[in-house]
Amino acid sequence: MSSALSSPLDSQKKKPLNILVLVSGGGTNLQALLNAFSKSTPPDSSGDNVTRNIKIAAVLSDREGAGALERARAANIPALLEKPDSRLPKPQRRQELSDRILHVCREKQIGLIVFAGFLSILAGDIIKEYSGKMINIHPALLPKFGGEGMHGERVHKAVLAAGETESGCTVHLVDAGTDTGPILLQRKAPVLPGDTAASLAERVLKEEHIAIVEGVNMMAAKLEGYNE
Ligand code: GRF
């Protein structure tokens, strides 16, 4: 199909980019995605914005009772629970959980995986099979203040302890490391006098909600032809 001949209707015929959102907590980043993409918005009359042909196919949590699952149910999006098998040693536990998630991805023809406050680390085939098709949001300006164990309040405490005057968030591709994949975008937020980890986290979270939607749109454009 040569682009010169494509009409605005073509993108409506395209299969949407199916997204799997991985969560562990309250899900405010998920909510930002639901607000932006929960219903496939047809492209505008110019035929651009094909990137909006995005569908949140499912939300998956590794923790029971995650508020994010409630948000998914409220939006009529399949809400899945896959808990790590605590009987297994860490490497096998990660592998086994990753294989279950990969099975879900194949079943639902997932084109992009979005880590939105997901605390488990994945390993094995999923890293290879979804290389370049997984993004994570981290509440700091990587490469600083990232890595294993660096999540939630701990990140903001470390930023304050280091005397940083600026913080922010990072959307990056997921690779076999923790918070080490190529950076797609960053949004900054000032560290203000008297800031606590909680007040800084709140300010950064506002930037995260914008960045995660931008990151998904960037990836959908990158994955041009995701419908083929
Ligand atoms: C966010 O700050 C995110 O960057 C971090 O975990 C927090 C999750 O927030 N990984 P929410 O569950 O999306 O509200």
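The model is predicted, so local features need pLDDT of at least 70 and side-chain atom pairs pLDDT 80 or more, while totals for chains, interfaces and linings use all residues. Residues are numbered from 1 along each chain as its sequence is written, and side-chain values use heavy atoms, without hydrogens and water.

**The pocket**

Rolling a probe the size of a water molecule over the atoms shows where empty space is left. Here a pocket is an open set of points on a 1 Å grid over the protein atoms alone, where a 1.4 Å probe fits, with protein on both sides within 12 Å along at least five of seven lines. The largest pocket holds about 1000 Å³ of space. That volume is the space filled by probe spheres set on the points.

Its lining (residues with an atom within 4 Å of a point) has 42 residues. Gly117, Phe118, Leu119, Ser120 and His151 lie nearest the centre. Two or more lining residues come from each of α2 (28-37), α4 (90-107), β5 (134-138) and α7 (197-222). Helices here are DSSP runs (H or I) of at least four residues, and strands (E) of at least two, numbered from the N terminus. α4 gives the largest share, 4 residues.

**The ligand**

The ligand sits in this largest pocket, as more than half of its atoms lie within 2 Å of the grid points. Helices α2 and α7 each give two or more residues to its shell. Residues count as near if a heavy atom lies within 4 Å. They include Gly25, Gly27, Ile137, Pro139, Leu205 and Glu208.

On its own, the ligand has 370 Å² of accessible area, and the protein covers 82% of that. The area comes from the Shrake-Rupley method with a 1.4 Å probe.

Leu142 and Pro143 are joined by a cis peptide bond, with omega about 15°. Pro143 lies in the loop between β5 and α6 (153-161). Phe145 lies in the loop between β5 and α6 too. Phe145 is not a glycine, yet its phi is positive, about 60°. Asp179 also has a positive phi, near 60°. Asp179 is in the loop between β6 (166-173) and β7 (183-190).
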